[in-house]
Structures are given as structure tokens and as C-alpha cells.
Amino acid sequence: MGLFERIRLLSAKNSLPHAVIFEGERAKEFSDFFAKTSVCDGENKPCGICRHCIKAEKGVHPDIIQLEPVGVSKNYKVDFVRNIKSDAFILPNEAEKKVYIFNEADNISEISQNALLKVIEEPPKSVIFIINCKEKSNLLDTIISRATIFRCDKDENEELDEESFEIINTAIQKSEYDFLSLLYNYSKEKQEFIRICDELVFSLRILYRAKIQNKDLGENKQLLEKLTLNRILNAIEILNDTKKSLLQNKAVKIVTARTCIKLKNALGR
Ligand SMILES: [Zn+2]
């Protein structure tokens with residue numbers, strides 16, 4: 001199971017951890033997804049359509065606090081970290097949760113980490129702390145032992161889920177009719193179609209990276225041979241446009257039908 005799925009599942013079970021370390025090259029991507037999931041108040045979190053998801057996506061959610069290290073040393077100053085401790089006790093603005101993300105935390109000093117430790121040891125109920133780093137070995141053991149670790153390397157999760165595989169494969173190999181009928185299954189609910197758009201974009205990005213790096217994707221090899229970089233990018237753009245239209249409340253059946261045709265043209269032939 002990929003990391004996106006794992007995060008969704010934890011959320012569905014209401015057991016998202018309160019202190020998380022994302023370790024690896026794609027830490028930022030996954031921590032943003034995690035934060036969106038934490039503030040979402042829709043179903044199938046992150047639903048992608050509630051006001052929280054939309055703000056999170058635009059990077060303007062007041063309860064997702066992105067923190068960056070400062071200076072050449074890329075440290076988080078100890079006073080800054082201490083201030084967060086008091087800030088954390090202020091209730092969230094809009095969502096049920098408030099999420100602090102320490103980006104690029106590899107060079108955080110020991111003294112600042114000890115201050116951070118005090119915060120994550122006994123966090124207010126509504127607060128989630130996320131630490132992004134390249135290598136967790138740059139962090140103190142005491143921090144590591146209190147957090148849930150997610151590894152997110154470039155190669156991590158480079159597998160297409162079955163659903164995306166079937167859809168992309170159908171677009172490439174089968175008739176327009178087959179493709180339309182397959183996607184029609186997802187068009188009954190807007191939320192469902194948005195979800196599948198997200199999954200497809202995720203899978204197409206995997207294919208894109210594999211193509212650039214000339215990587216062997218095992219059983220997905222055939223898919224890869226039939227696709228060009230341009231086609232993949234085209235498809236991603238179509239899916240992003242589709243999502244935007246759906247978020248603007250355009251009629252789902254019409255949007256879906258149009259997307260089907262465009263996607264088939266982009267990927268198939
Ligand atoms: Zn949502």
C-alpha cells in the first residue's frame with residue numbers, strides 16, 4: 001500500500017498520529033497531503049472539495065502553519081520554537097486540528113530540538129506536529145522515539161494502484177466505448193470523480209518519473225512504452241482542469257463526459 005493510502009486509512013480510523021516525521025526526498029509532498037487530511041471535514045479525507053481542502057490546496061489554510069528554517073545554518077531558533085509551544089495552545093481558527101510543519105529540519109540545533117521535544121511531549125489535543133527531513137538521523141533519538149516515522153523516498157510507492165492501471169490501460173488499449181463505460185462508474189458522485197482524478201495524477205507522475213529516469217516499472221512496462229512524456233503531461237493537465245471545474249460546481253456528468261473524451265485522445269490511439 002502506498003503512503004497516500006496509508007494516511008487516508010489512518011484518518012478513516014481516526015488515528016492520525018500527533019507527531020510525525022516525514023523522511024526522504026518527497027517529505028514535503030506527503031506532509032502537505034497529511035496536513036490537508038488533518039483539517040478536512042468531508043468524507044474520505046482529504047475529500048478535495050470541502051472549504052478546508054480547498055484552502056489547504058491553495059496554501060492559505062490558517063490552521064496549516066508552514067515553518068521554514070532561517071539563515072545560512074538553516075536552523076530553527078530556540079526562541080522561535082518556544083513561541084510555537086505557547087501558540088500551539090491557542091485553539092485552531094477554522095478546522096478541528098492545527099498543523100505545524102517544520103520544513104527542512106535537518107539542521108535544527110540540539111537546543112532547539114530539546115525545546116521542540118517539550119512541545120511534542122504533551123501537545124494540546126488539537127495539534128499535530130510534522131517534521132520534514134532528508135534523514136531522520138539528523139534528529140535526536142528522543143524526538144524520533146516520540147514520532148511516527150514515514151519514509152518517503154523518490155522510489156517509495158512507485159507503483160501504480162490497480163485502479164489507475166486499469167483506467168490508463170483502458171485509455172491506451174481499448175475502445176472509446178470501453179473507456180467511457182469504465183469512467184462512467186466513477187461519475188455518479190462528484191467526490192468520487194475528484195478522488196479518481198487525484199489517483200490518476202499521482203500515477204501519471206510515477207509514469208512520468210519512470211520515463212525520464214528510464215526506469216523499469218515491471219508489469220507497467222507496456223504502459224510506459226505506449227506513452228510519451230507529452231501525452232502524460234497532457235493527461236495531467238486535463239485531470240487538473242477537471243478537478244478545478246468540479247470544485248467550481250460544474251455539473252459532474254458533463255465534466256466527466258468531456259474529460260473522458262479528452263483523456264482518451266491524450267493517452268490513447
Ligand atoms: Zn476536505
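The legends below walk you through several close-up views of a predicted model.

**View 1. Five strands form an open sheet.**
Welcome to the sheet, where the strands follow the order β2-β3-β4-β1-β5 and pair in parallel. At the edges sit β2, residues 64-67, and β5, residues 148-151, each of which pairs on one side only.

**View 2**
Strand β1, residues 19-23, runs parallel to β4, residues 127-133, and five bridges join the two. Look for A19, whose bridge partner in β4 is F129, and for E23, which stands opposite C133 of β4. Five bridges also join β3 to β4, and this pair runs parallel too. In that pairing, F102 has I131 of β4 as its bridge partner.

**View 2. Both faces of strand β4 are covered.**
Which residues of β4 are buried on each side? One side holds V127, F129, I131 and C133, the other holds I128, I130 and N132, and all of them are buried.

Helix α4, residues 78-88, lies across β2, β3 and β4. Relative to β3, helix α4 runs at about 170°.

**View 3. Helices α8 and α12 cross each other.**
This view turns to a pair of helices. The axes of α8, residues 176-184, and α12, residues 252-267, come within 10 Å and cross at roughly 140°. The two helices are therefore oblique to each other, and their crossing is right-handed. On the α8 side, the contact is made by E176, F179, L180, L183 and Y184. On the α12 side, K253, T256, C260, L263 and K264 take part. Sorted by kind, the residues of this contact are six nonpolar, one polar and three charged.

**View 4. A266 is a buried residue of helix α12.**
Staying with α12, we find A266 in this helix. Its relative accessible area is 10%, so A266 is buried. What does A266 touch, leaving aside its neighbours within four places in sequence? The contacts are R231, N234, A235 and I238. I236 is 30 residues from A266 in sequence, and their C-alpha atoms are 9.6 Å apart in space.

**View 5. E199 is a buried residue of helix α9.**
E199 belongs to helix α9, residues 190-212. With a relative accessible area of 11%, E199 is buried. Not counting residues up to four places away in sequence, E199 touches E5, R8, D161 and S164. For D161, which lies 38 residues from E199 along the chain, the C-alpha separation is 8.3 Å.

**View 6. S11 is a buried residue of helix α1.**
Our last stop is S11, found in helix α1, residues 3-12. Is S11 buried or exposed? S11 is buried, because its relative accessible area is 12% and buried means under 20%. Apart from its neighbours within four places in sequence, S11 is in contact with L16, T37 and K45.

How values were computed:
Residues are numbered from 1 along each chain as its sequence is written. This is a predicted model: local features need pLDDT of at least 70, side-chain atom pairs count only at pLDDT 80 or more; totals for chains, interfaces and linings use all residues. Side-chain values use heavy atoms; hydrogens and water are left out. Two strands pair if DSSP finds at least two bridges between them. Helices (H or I, at least four residues) and strands (E, at least two) are DSSP runs, numbered from the N terminus. Contact means heavy atoms within 4.5 Å. Axes are lines fitted to C-alpha atoms, for helices over the stretch in contact, and angles run from 0 to 180 degrees between N-to-C directions. Angles under 35 degrees count as roughly parallel, over 145 as roughly antiparallel, 65 to 115 as roughly perpendicular and the rest as oblique. A crossing is left-handed if the near helix is turned anticlockwise from the far one by less than a right angle, and right-handed if clockwise. Ala, Val, Leu, Ile, Met, Phe, Trp, Tyr, Cys and Pro count as nonpolar, Asp, Glu, Lys and Arg as charged, and the others, Gly among them, as polar. Buried means under 20% relative accessible area, exposed over 50%, partly exposed in between (1.4 Å probe, protein chains only).
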